[in-house]
Amino acid sequence: MSFYMTYLARWPDYFHVAEGPVNKIMGYIMGKVEGQGESWHGHVTAVTVATEYRRQQLAKKLLNLLEDISDKILGM
């Protein structure tokens, strides 16, 4: 299994795609959970925004989404 498919299989809640008009991909974020014992946190693996959708705070929105998911999953 490829690197990214392993991430997707292990941490599906940490993969999100932002779609624009006519299902065009505007950007995406992928991450994972890492740590040990009681010290766990979310980790951003990649965040990408298509050129025509930059400077619209889409990356910020994707990062906030991943942070909210981490808080919910990890009970923070």
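Is Asp71 buried, exposed or partly exposed? At 29% relative accessibility, Asp71 counts as partly exposed. Here buried means under 20% relative accessible area, exposed means over 50%, and partly exposed lies in between (1.4 Å probe, protein chains only). Asp71 sits in helix α2.

The model is predicted: local features need pLDDT of at least 70, side-chain atom pairs count only at pLDDT 80 or more, and totals for chains, interfaces and linings use all residues. Residues are numbered from 1 along each chain as its sequence is written, and side-chain values use heavy atoms, with hydrogens and water left out.

The protein contains two helices and three strands. Helices (H or I, at least four residues) and strands (E, at least two) are DSSP runs, numbered from the N terminus. Read from the N terminus, the order of elements is α-β-β-β-α. Along the principal axes, the C-alpha atoms fill a box of roughly 45 × 30 × 15 Å. Of the 76 residues, 28% are buried. The exposed surface comes to about 5,500 Å², and carbon and sulfur atoms supply 54% of it. Accessible areas come from the Shrake-Rupley method with a 1.4 Å probe; for residues, only the protein chains shown count as cover. Contacts were also sorted by sequence separation, with contact meaning heavy atoms within 4.5 Å. Among contacts between residues at least 6 apart in sequence, 39% join residues at least 24 apart.

The three strands form an open sheet in the order β1-β2-β3, with antiparallel pairing. The edge strands are β1 (15–19) and β3, each of which pairs on one side only. Neighbouring strands of the sheet are turned by 20° against each other on average, direction ignored. Axes are lines fitted to C-alpha atoms, for helices over the stretch in contact, and angles run from 0 to 180 degrees between N-to-C directions. Two strands pair if DSSP finds at least two bridges between them. Strands β1 and β2 pair in the antiparallel sense over five bridges. In this pairing, Ala18 has Gly27 of β2 as its bridge partner. Helix α2 (residues 58–74) packs on the sheet and touches β1, β2 and β3. The direction of α2 makes about 155° with that of β3.

Strands β2 (residues 25–36) and β3 (residues 39–49) run antiparallel and are joined by ten bridges. Met30 stands opposite Ala46 in β3. The hairpin of β2 and β3 has two residues between the strands. Within this hairpin, Gly37 takes a positive phi near 60°. In a regular strand the side chains alternate between the two faces of the sheet.

Helix α2 also holds Lys60. Lys60 is partly exposed, with a relative accessible area of 49%. The C-alpha atoms of Lys60 and Val47 are separated by 9.7 Å, and the residues lie 13 apart along the chain.

A search of the whole structure finds two salt bridges. A salt bridge is a side-chain nitrogen of Lys or Arg within 4 Å of a carboxyl oxygen of Asp or Glu. One of them joins the side chains of Lys24 and Glu52 (2.7 Å, N to O). Lys24 lies in the loop between β1 and β2 and Glu52 in the loop between β3 and α2, so the pair ties together parts that are 28 residues apart in sequence. Lys24 is partly exposed at 39% relative accessibility. Glu52 is also partly exposed, at 44%. A salt bridge also links the side chains of Glu34 and Lys32 (3.3 Å, N to O). Here Glu34 is partly exposed, with a relative accessible area of 25%, whereas Lys32 is buried at 17%.

A nonpolar patch on the surface is formed by Met1, Met5 and Leu8. Together these residues have about 340 Å² of accessible area. Patches are made of residues with over 30% relative accessible area and no salt bridge; like charges are joined within 9 Å, and nonpolar side chains (Val, Leu, Ile, Met, Phe, Trp, Tyr) within 5 Å. Leu8 belongs to helix α1 (residues 3–10). Leu8 is partly exposed, with a relative accessible area of 34%.
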